[in-house]
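Colleague: I would like to learn to read this model feature by feature. Can we start with one residue and its surroundings?

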Amino acid sequence: MQTLRNSEASSGRTTAGSVGVTMLVAVLAAGNLLAADFHVDPESGNDAAAGTSPISAWRSLAKVSATEFRPGDRILLRAGRTHSGQLAPRGSGRDGRPIRVDRYGDGAKPIIDGGGAADDGGFYGGQGKTGSAVYLLNQEYWEIANLEIINRGKDADYRRGVRVEITNMGECHH
């Protein structure tokens with residue numbers, strides 16, 4: 001890395017090395033603060049779209065579940081719609097920057113319908129059927145709000161709306 005001599009610093013001249021360091025610090029800081037909103041609309045969305053606006057919304061919970069989210073991200077489900085399947089997203093937030101699942105648009109609370117998924121009775125740890133409409137495994141700093149979550153089935157069985165499982169992780173937060 002280059003250093004500036006006093007005469008260079010006082011003259012206002014900048015070297016390539018100092019510009020590079022400044023840009024690196026700015027990029028690292030921005031990357032640490034960047035968060036995105038992801039929209040999901042099961043009627044007019046498209047899983048091949050970016051998902052980052054209502055116009056480019058994703059269609060399915062499967063697409064959401066295949067995505068790793070970062071601190072501060074928001075997953076926004078279209079209000080007045082039923083989102084079928086299991087929501088099992090990946091990633092963790094952090095203190096002060098949780099990942100949030102919420103709604104967007106007007107109308108009734110969006111519904112996540114697990115479709116009657118039932119437990120298979122085994123140890124989960126990401127393996128087997130979890131029997132839940134929403135499933136978080138070894139994840140922390142998540143907030144879920146303003147949704148209706150259902151998982152009805154025809155037969156009596158073990159079903160859950162939301163399952164949060166911590167396996168061999170130690171202390172988990174939020």
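Colleague: Which residues does serine 132 touch, leaving out those up to four places away in sequence?

Modeller: Contact means heavy atoms within 4.5 Å. By that rule serine 132 touches Gln86, Ala117, Asn151, Arg160, Gly161 and Arg163. A caution: this is a predicted model, where local features need pLDDT of at least 70 and side-chain atom pairs pLDDT 80 or more, while totals for chains, interfaces and linings use all residues. Numbering starts from 1 along each chain as its sequence is written, and side-chain values use heavy atoms, without hydrogens or water.

Colleague: Is serine 132 buried or exposed?

Modeller: Buried, with a relative accessible area of 0%. The classes are buried (under 20% relative accessible area), exposed (over 50%) and partly exposed in between, with a 1.4 Å probe and protein chains only. The side chain of serine 132 reaches the backbone oxygen of valine 134 at 3.3 Å.

Colleague: Where does serine 132 sit?

Modeller: In strand 6, residues 132-137. Strands (E, at least two residues) and helices (H or I, at least four) are DSSP runs, numbered from the N terminus. Five of the six residues of strand 6 are buried, so this strand is largely enclosed by the rest of the structure.

Colleague: How many bridges join strand 6 to strand 9?

Modeller: Five, and the two strands run parallel. Strands pair if DSSP finds at least two bridges between them. Leucine 137 has glutamate 165 of strand 9 as its bridge partner.

Colleague: What is the order of the strands in the open sheet of four?

Modeller: The order is 1-2-4-7, with parallel pairing. Strand 1 and strand 7 stand at the edges with a single partner strand each, so one side of each has no neighbour in the sheet. Inside the order, strand 2 and strand 4 pair in the parallel sense over five bridges. Arginine 78 has tyrosine 104 in strand 4 as its bridge partner.

Colleague: Which residues touch the most other members of the largest nonpolar core?

Modeller: Phe69, Ile75, Leu77 and Ile112, out of 17 residues. Such a core is a set of buried Ala, Val, Leu, Ile, Met, Phe, Trp, Tyr and Cys residues joined through side-chain atoms within 4.5 Å. Strand 1 (37-40), helix 3 (61-65), strand 2 (74-78), strand 4 (99-104) and strand 6 each supply at least two residues of this core. Strand 6 gives the largest share, three residues. Beyond four places in sequence, isoleucine 112 touches residues including Leu61, Leu77, Ala133, Val134 and Ile149.

Colleague: Which side chain does the side chain of aspartate 102 join in a polar contact?

Modeller: That of asparagine 146, at 2.8 Å. A polar contact is a pair of N or O atoms within 3.5 Å; within protein, one must be able to donate a hydrogen and the other to accept it, and residues adjacent in sequence count only if both atoms are side-chain atoms. Aspartate 102 lies in strand 4. Aspartate 102 counts as buried, at 11% relative accessibility.
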